[in-house]
Every structure is written in structure tokens, then in C-alpha cells.
Amino acid sequence: MNKDQLKTPYFMIDEAKLIRNLEIAKQLKEISGVKLVLALKCFSTWGVFDIIKPYLDGTTSSGPFEVKLGYEKFGGETHAYSVGYSEDDVREVADICDKMIFNSQSQLAAYRHLVEGKASLGLRLNPGVSYAGQDLANPARKFSRLGVQVDHLNPEVFDSINGVMFHMNCENKDVDAFINLLDAISEQFGEYLNKLDWVSMGGGVFFTWPGYDVEKLGLALKAFSEKHGVQMYLEPGEAIITKTTDLVVTVVDVVENVMKTAIVDSATEAHRLDTLIYNEPASVLEASENGEHQYVIGSCSCLAGDQFCVANFDKPLEIGQKLHIIDSAGYTMVKLNWFNGLKMPSVYCERTNGDIEKLNEFGYDDFKRSLSQWSVS
Ligand SMILES: Cc1ncc(COP(=O)(O)O)c(C=O)c1O
């Protein structure tokens, strides 16, 4: 398959870049003894799981279909967490998960009998401290519903569960800040943790970021594990797939209203939703900081403020030209939607030997089926 002939929009996952991240994950595991489970909420393109599997221990999930997918397509340990289980959900996943993590003591009390003897029982705790850039993504935000607050904890609960999960980081690139959180947790919950088999520190630890001190992180996790006699877990999503994938788009028009806007055949609202939700502009591979030609890279959706970014280029952009929106794997493919009836990006993987493999392709029938399968009689 020749890259130049692929129809945009499409995602291109680069195997070599993925392996680079996975090698760092392997190093972290070797130093610390931590187990790593891939957070499927961030990335669940199972067509590349065969590349990831040899490096990680399993998957974690946020809903019943992710549990099924992790079990079927990844294997290893399958962690099942949900902010709110229905009884049907619990019955559906209890047989296929290794660990069932409840978000509240009330859900634990209501459903533990359906899990006991089948999976290890866990509870999410909210440490009340966090490292997250935006309030929207801060698990310790005011009135947070995510996990049990310390002042609501019934200490007896620790006599009848196997482990706990904390998740309080979002894109934390600062190892010292993470270690401070570990220390705070050890101090606040230590006597309870000593009774458990395992503790997960959740996701959001950006250990694949350039310059991250992986050894320092690894030694801190090891020390925590030894102090409390627990198996440690992390649940990385973004750290595993960061900087591995481009969303490739084509300029279909250039319009001008004070600024020039290059309209591309994709939209953040449909294909790269977090650009919009978190108001974090995307980056374009072809851009050059000091380029003389500035453009808004505009989406082809009808939403007025839907744009990828403002970027400078050395040469004027031309209709038909391809642009690579970099770092587009995390929380993108899992959030694709059909807004405006836009063509959904195909998904490809570039293997280390240069081969291009198609993982997914969507057409009008997929759009139509997502809206109704039957009409009123
Ligand atoms: C409980 C839990 N675990 C893991 C993750 C993955 O986080 P990240 O992709 O930032 O590593 C999240 C993200 O929201 C989460 O809520």
C-alpha cells in the first residue's frame, strides 16, 4: 500500500514510535515491579494490540464493552472499573474480569455477592489531592463523584476487599509531583493499604515524556510496594500511545476573513474531540514557527468555533495538500462520531518494515446504521 495514495482523512499509527514508548514501559516495570494495564478508555484500537501485548500486563476499563474487548482481544489481566454499574453490567463482566473495582461503598455492598469467588474485589478511593491541568479532568475537583472520600470511609471495608484504585493524575510530567502524591496517600491511607494485596495508582503518569526520570518513578513505586506489602499497578493510556499517530487530512478550501483559514476534510468535533473540549490546539507537522504564512486550520463541520489550531507555514497552503495533525491517538479513535455526516477517518498502521496495514475503514452504511436500523412500520 502506497501512503501517498491513501484517501484522507485517516489515522496512521506508527509501530516504531509505539515500540519506543513500550520499551520505556518495560524499563519501568523492570525497575519497580509495577504491573501496567492499558486504559482502554484512551485507546482501544485492537488491531494493534498484538504489538502492545508483549509489553503490558492487561487492560483496564470504564464500561462493560471495554471489559469484553480487553478480555477478548488483549488477554492477560482484565480489570473492570465503572463509575456506576448496573446489576446487569456486574453479572455480564464478573465472569470475565480478574479484578472488579467499584466506585462507591454502596455499589460494593450491593454487588459484592455477584463477584466473590470469581474476581478480586477492589474499591476506588479519592485521595482528595491530584495533579491535573484542567478542572474538567480533575478527579479531586469539588463535589467529585469519583471514588470514596476519606471521611466517608468505613474502615471495616478493608477487611473484605483485596485492593484499591486511586486515579488522580492527568498528563503529569513531573515525577516529584507524583512522588508527593504517593507520599500523601501512604500517610493518609497507609494503615488500610497494609491489609491489601494490590493498589493501583491509576493513569495520567506521563513516564514516556522526553526527559522523564523513569528510574526515580520506578524506585518510588517499588518503595511504596515494599512499605505496604502490595502489588502496585499503573493504568497508562496516553503515556503508551503519545506521539505515535497522525491524523492526516487534506486542505479542501482556503477562505479569508481578516485571517486566512485552510478548511480541511476533518473536524475536531467529530474526529479529535478533546481539541475542542479542553481547548488545546493541535499541532501540524508541516508548520514552521517562523513561517510567513499564517492560517487557521479550520474544520469542515458547521460549528463556528471548530478549528484545529492556528499555524504558520513557510509556503502558502494549497488546495489538495495533505497535513499531518500530530499526536492524535489518545482519546480520539475512541470518541469518533458522525456529526455532520462527515466521512470518518480510516485507520492504518505503518509497520517497522515500512508496510502499511489497514485496520479500519468506514462508509455510508456505517453512518446510516448508527442512526437507525429499522423504520417505523
Ligand atoms: C481510572 C482511570 N485510569 C486510567 C486512566 C488513563 O489515564 P491516561 O490516559 O491519562 O493515562 C484514566 C483516565 O481518565 C482513568 O480515569
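Predicted model: local features only at pLDDT ≥ 70, side-chain atom pairs only at ≥ 80, totals over all residues.

I noted the crossing of α1 and α7 as right-handed. Which residues make the contact between α1 and α7? From α1 I listed I24, Q27, L28, I31 and S32. From α7 I listed V214, E215, L217, G218, L219, L221 and K222. Sorted by type, the residues of this α1–α7 contact come out as seven nonpolar, three polar and two charged.

On the α4 side I found E87, V90, R91 and A94 in the contact, and on the α5 side Y111, L114 and V115. The α4–α5 contact has five nonpolar residues, two charged ones and no polar ones.

I stayed with α4 and checked its packing with helix α3 (residues 64–74). The axes of α3 and α4 come within 10 Å and cross at roughly 5°. That makes this pair roughly parallel. P64, F65, V67 and K68 of α3 meet D89, E92 and V93 of α4. I counted off four nonpolar and three charged residues for the α3–α4 contact, again with no polar ones.

**Two domains**

How is the chain divided into domains? Domain 1 takes 3–11 plus 242–371, and domain 2 takes 16–241. I looked up the spacing too: the domain centres, taken over C-alpha atoms, are separated by 31 Å.

Then I went to the interface. On the domain 1 side, 17 residues are in contact with 25 residues of domain 2. The area buried between the two domains is about 1,600 Å², and carbon and sulfur atoms give 60% of that. Which three residues supply more of domain 1's buried area than any other three? They are T242, Y278 and Y331, which supply 35% of what domain 1 buries against domain 2.

Last, I went through the backbone. Is the peptide bond from T8 to P9 cis or trans? The bond is cis, with omega near -5°. I placed P9 in the segment before β1 (10–14).

I also flagged F143. Its phi is near 60°, a positive value in a residue other than glycine. F143 sits in the loop between β6 (120–126) and β7 (148–149).

Key: Residues numbered from 1 in each chain as written. Heavy atoms only, no water. Left-handed = near helix turned anticlockwise from the far one by under 90°. Helix = DSSP H or I, 4+ residues; strand = E, 2+ residues; numbered from the N terminus. Contact = heavy atoms within 4.5 Å. Nonpolar A, V, L, I, M, F, W, Y, C, P; charged D, E, K, R; others polar. Domains from an automatic or database assignment. Buried area = accessible area lost by both parts, 1.4 Å probe. Axes fitted to C-alpha atoms, helices over the stretch in contact; angles between N-to-C directions. Parallel < 35°, antiparallel > 145°, perpendicular 65-115°, else oblique.
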